[in-house]
Amino acid sequence: MGWKAGSGLSHLRSSATTTTTAHRPDSPFSAKALTTTILNHVRLGRIPKAFSILFSSAEPLPFSLYADLFRICASNKAIVEARKLESHLVTFTPDPPLFLLNRAIECYGKCGCSEDAEELFEEMPKRDGGSWNAMLSAYSRNGRAGDALGLFSKMIGAGVFASEVTFASVLWSCGAALELWLCRQVHGLVVKYGYLGNVILETSLVDVYGKCRAMVDARRMFDEIEKPNDVSWNVIIRRYLEINEGSEALNLFSKMIKMEVKPMSFTVSNAVLACTSIGGLIEGLQIHGFGIKINMEEFEEVSSTLISMYAKFGDLESSRRIFDLPCSKDLISYTSMVTAYAKTGRMTEARVLFDEMPERTVVSWNAMLACYTSSFEWDKALNFLKLMSRETEADDVTLGLILNMCAVIPNVEMGKQVHAYAYRHGFYPDPFLGNALLNMYGKCGNLTSARILFHDMSHLRDNISWNALLTTYARNGLSQESIMTFRKMLGEAKPCETTFGTLLAVCANIVTLKLGKQIHAFMIRNGYDIDIVVSGALVDMYTKCRCVLYAMKVFEQSDPKDLILFNSMILGCSHNGMGGKVFELFETMEKEGIKPDRVTFQGLLLACISEGRVENGRRYFELMSEQYSLLPELEHYVLMVELFGYYGFMDELERFITKMPFKPTFSILTRVIHFSRKFECCELGQWASDRLGELDPLVPFRFEDIDNSPRINADYREIR
């Protein structure tokens, strides 16, 4: 509420004498009795009644009672009563003591009404350090980091002495606003004021540097703390975890235990998350055992992360055992267990557990919906969505999941409905939803809506938005538009590895070696990480542009190498007539324990054709099913027909054709006829022409003139 400077304060000044005279208590006993009555009602939880008595009283009360009542209002977030209390105070006390006004500001801040606190602060005739600190705290508590930092600047400019409490609020605001530059200045002031030995402020500095991703500064500050407490350790471990440095987070956790600092439950949870991030099951088991030893296994934040960890490592029995602990079945653990079942494909058990939940929030519903979408069970996801709409209100995460579903199905009409819903219910504009909508329109092929939305997002666009539009153009064969979009992107957002992966694919499709080299050089000059995905894209681009030596260099420098990278190199060498290199790559692949897939064998068979290795081709074809349990697909049968026929192994070809598990296709039969004419195998050629006649009875085929058919010649050119 705040009391008005023009009315309340002037009224108090003009009526100070009459107010104090008219309403002075008749005796100390009456004020004392009133105070006792009010406090008794407060102790019994009858806060409205206590304030009703207070407000009906025409007597000033002890300042200590006002202070207690402001504290009670703050703890109960009783904003209405707090406003009544301030009104009573300023009505019967012409010149309220500063400490009570400061308590009122604190109370408003804790009740979530920073505007009331701000109004009171601005109307105070005089302020002390406590007033500034209370207002800073009110801003910080209510997410107004920018206002807090602005107020701190005014405070320093006014020459007000900043206390440790001041710096605590300011550093929190620096972290919320990610103001690294300002944090460094505040750090200097902390040193100047001699507060550097305060572990709370030192921990706050570690926290802000970590949030701003300045981990070198965060670690240096942490190492300077003489005796870091449990909060200090928790902060530095969490910040390392957030930048995917799970190993270092675990090292610090181990060091913390050796220094005999008992961790918080959140610290144990962070350590478990670190184990999950680095795939450290053994370390996770050790931390689980430590958690049992210090009686933290049943804390909800610890149990939920343990459930997720065991689920990731495929040990659902351990996950369920933790979930079944007496104190573990809360909303968080239920959600974690449902997600665990779903991620391992046990959707029925996930749904049964979801239905058993005693209470559900939108987070729980989103978790189950995400389970259906991640397992591509679109019909069940749609049915679940209908049920969800009757039980709870959707949030931005729900809308994002639905949009992802619309993008994959694809269903642009449902996506448009979600778009309209987001507008009507105030979820848009929002970068997360904007990017999800952009992705949906792009994958549904609605380029017009994607362009319009992209331009509407002008102030919200980030590199994800640019990548979505760039990928949309590339997916729809608009290579030049993709390149133009990238050039515009450089003036607004920083490209990432995903951007370059898409651009390199565009260069490969239109065979633009010069631009591909420029992109490669740009990444090297600007220090981008050439990860395994980008390496695969570079190999694909260079091989399609007939620059195999560059592709080999990229391949050799890539470490580690995965199946996709090997396949890119194998296919690239196959299409460029380097069959011998393909066989070497396959041997290397086997030595490194990488299991080939159907694409690998497609490249091997192409290499056998180009090198004339008929026996090798037969062996690789048999190896697919016998050693690697891969069922050959149509492409492999077509390549084997080409291999046998091209090199005149007509008996082998005839046996192969008759043993195929399906009827020969048009393309296979045309190749058989071509090879039969070439090597004068009339019987096989006549058989193939008869089969062609069965496929298309309206067009009569004769073996003696079948090679002159335009349809056959076109198909022949396609295969070659």
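**Note on an all-residue predicted model**

1. In the protein chain, take contacts (heavy atoms within 4.5 Å) between residues at least 6 apart in sequence: 61% of them join residues at least 24 apart.

2. This is a predicted model, in which local features need pLDDT of at least 70, side-chain atom pairs count only at pLDDT 80 or more, and totals for chains, interfaces and linings use all residues. Residues are numbered from 1 along each chain as its sequence is written, and side-chain values use heavy atoms, with hydrogens and water left out.

3. The secondary structure is 43 helices and zero strands. Both are DSSP runs, numbered from the N terminus (helices H or I, at least four residues; strands E, at least two).

4. Overall dimensions come next. The C-alpha trace spans about 130 × 55 × 55 Å along its principal axes. The radius of gyration is 36 Å, whereas a compact globule of 720 residues would have one near 27 Å. That radius is taken over C-alpha atoms, and the globule rule is 2.2 Å times the number of residues to the power 0.38.

5. Of the 720 residues, 49% count as buried, meaning under 20% relative accessible area (1.4 Å probe, protein chains only).

6. Helix α37 covers residues 598-611. Its 14 residues reach 20 Å from first C-alpha to last, close to the 20 Å expected at 1.5 Å a residue; the expected span is 1.5 Å times one less than the number of residues.

7. Which residues of α37 are buried? They are Thr 600, Phe 601, Gly 603, Leu 604, Leu 605, Ala 607, Cys 608 and Ile 609. Their cover includes α35 (563-575), α36 (579-591), α38 (614-626) and α39 (634-646).

Key
Buried < 20%, exposed > 50% of the residue type's maximum accessible area, 1.4 Å probe, protein only.
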